[in-house]
Amino acid sequence: MFGRHSEKGGSHATGQDVEPSSSNANETGEKTHKHRLPMYNHNGHKVTRGIKPEGESGRKGIHPFHFLRISARSTSKVSMAVNVLWPFVPAAIAVRYAAHEQHKWIFALCYIAMVPAANLVGFAGQELARKLPKVFGVVLETFLGGIVEIVLFMVLLRKNNDVPDDPRYNNFIPVIRAAILGSILANLLLCLGFCFFAGGIRQRDEQEFDPAISEVGNGLLLTAGFGLVLPAAFYTSLFGSQDYDIPEESLQNKVLTTSRVTAVILFVAFFVYLWFQMRTHHGIYDAVLEKDEERDHDRHKDLKKAKLTLTECIIALVISLTFVSLLAVLLVEQIEDIVIESGVSDSFMGLILVPLVEKAAEHLTAVDEAWDNQMNFALAHVLGATIQTALFNGPLVVIVGWGLDKAMDLKFDIFNAVLLILAIIAVGNFLRDGKSNYLEGLLCIFIYLIIAVMSFYFPNPREVAEEAAAIHGTAGEGGSTAAEHAKRLFL
């Protein structure tokens, strides 16, 4: 949840307090007042009032050339390379409206186009956070980092229509549930694995991180894991049981109610965590991250980099969020056709494909921090994003679904529930000793790859399989064979 926007840059700034002489103050009988001379940051820029020295750009308003140049350079070489994908944004929009029946092409173009748009969201959020007070900047940057995920969840929820008799029937709730878990798994296993691997390869030694970040994060993840899994365990224990005579409709209502109550509790837990981090224990995090900054191999380069102005940050966020929202709508429109026509399972779509594109910017930032020997920053970024998904984004979509009268619940199937608990236990074991190396990183990546294979072959619900069979089948004996093949594939 933390970005590189410390107050340490203030040590390079120069400022001086000027106080009237005590004799004059005594003569007038007025209280002594302090006047501060202008403050300048490490680049010699005069610091604007209310702006942190490290975030001062030395400019005001918007300068198109500087805006494009700074945005193109982004935060790292990898992020800069991602900006090469920007031509896919207009291409995706054009193909959607020029050839709307080309579902595979539209999905592929939108999927690629989401990466540079999400990257700009992350970069603009980080630039804005540099200018704000430290704690508020942390909260804002974390929220902006997860806003792509929130947009996708809300679009999927809005498009959902789970009334079977309705000709517009589209049940996206299984995809949303899978995407919630997929986002957590992508952060915990894939992103953290690459952080451990990148840091271990460059340092050629074990990297250390502070337990203040790892222990608190791991405890919150265990809490979130129990909250997300228990409604599924509740349903599985009662469904079809001979010991309990509960009608299916009544059981579904009970699961929906328990999911909504659980979502509210997790929602409250998230804000308690923010209070813990921002108010009562912020000094611990400040000390840990300031020490981490001293080990940053590229800190001198980061300080010298040109910065966006406050106005340019806001403009970059508006542009990037507009494109992200539009591409999310176009992407979601193609999911049903991709699942039915291409044989991609709901599980693979939600667990793997959707989380990879929505988390691309956050993953690039965290791996770059690990590469620069800032493991506390990287770990806090990974765990912070995971905690936000588990305690805020996931419960938020349940609560919003409640308001929209959508049957959005936390009834994960046993396969997904087991994946979540095992992933939290595995990562907790790697974090226990406060050290990391490239071997642990590779192990996390291998676990994620195994999950990807399992989800790829996980079958779709029966009604989706039958619809796919009808589409791919042909008249006569050949059509029957195709239908049977599709059913065997999905079921």
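**A surface patch, some cysteines and one asparagine**

Okay, let's start with a tryptophan: Trp371 sits in helix H15, which covers residues 360-371. Before I go on, keep in mind that this is a predicted model. So, is Trp371 buried or exposed, or something in between? With a relative accessibility of 39%, Trp371 counts as partly exposed.

Together with Ile201, Tyr438, Leu439, Leu443, Phe446 and Leu449, Trp371 makes up a nonpolar patch on the surface.

Next up, the cysteines. How many disulfides does the structure hold? The count is 0. Take Cys191 and look for the closest cysteine sulfur: you'll find it in Cys195, 4.3 Å away. A disulfide needs the two sulfur atoms within 2.5 Å, so that pair is too far apart for a bond. Cys191 is buried as well, with a relative accessible area of 2%. Cys110 is another buried cysteine, and its relative accessible area is 0%.

Last stop: Asn218, which you can find in helix H9, residues 211-238. Buried or exposed, what would you guess for Asn218? The cut-off for buried is under 20% relative accessible area, and Asn218 comes in at 18%, so Asn218 counts as buried. And what does Asn218 touch, if we skip residues up to four places away in sequence? Ile424 and Gly428. Okay, that's my tour, thanks!

Note on methods. Residues are numbered from 1 along each chain as its sequence is written. This is a predicted model: local features need pLDDT of at least 70, side-chain atom pairs count only at pLDDT 80 or more; totals for chains, interfaces and linings use all residues. Side-chain values use heavy atoms; hydrogens and water are left out. Patches are made of residues with over 30% relative accessible area and no salt bridge: like charges are joined within 9 Å, nonpolar side chains (Val, Leu, Ile, Met, Phe, Trp, Tyr) within 5 Å. Accessible areas come from the Shrake-Rupley method with a 1.4 Å probe; for residues, only the protein chains shown count as cover. A salt bridge is a side-chain nitrogen of Lys or Arg within 4 Å of a carboxyl oxygen of Asp or Glu. Helices (H or I, at least four residues) and strands (E, at least two) are DSSP runs, numbered from the N terminus. Buried means under 20% relative accessible area, exposed over 50%, partly exposed in between (1.4 Å probe, protein chains only). Contact means heavy atoms within 4.5 Å.
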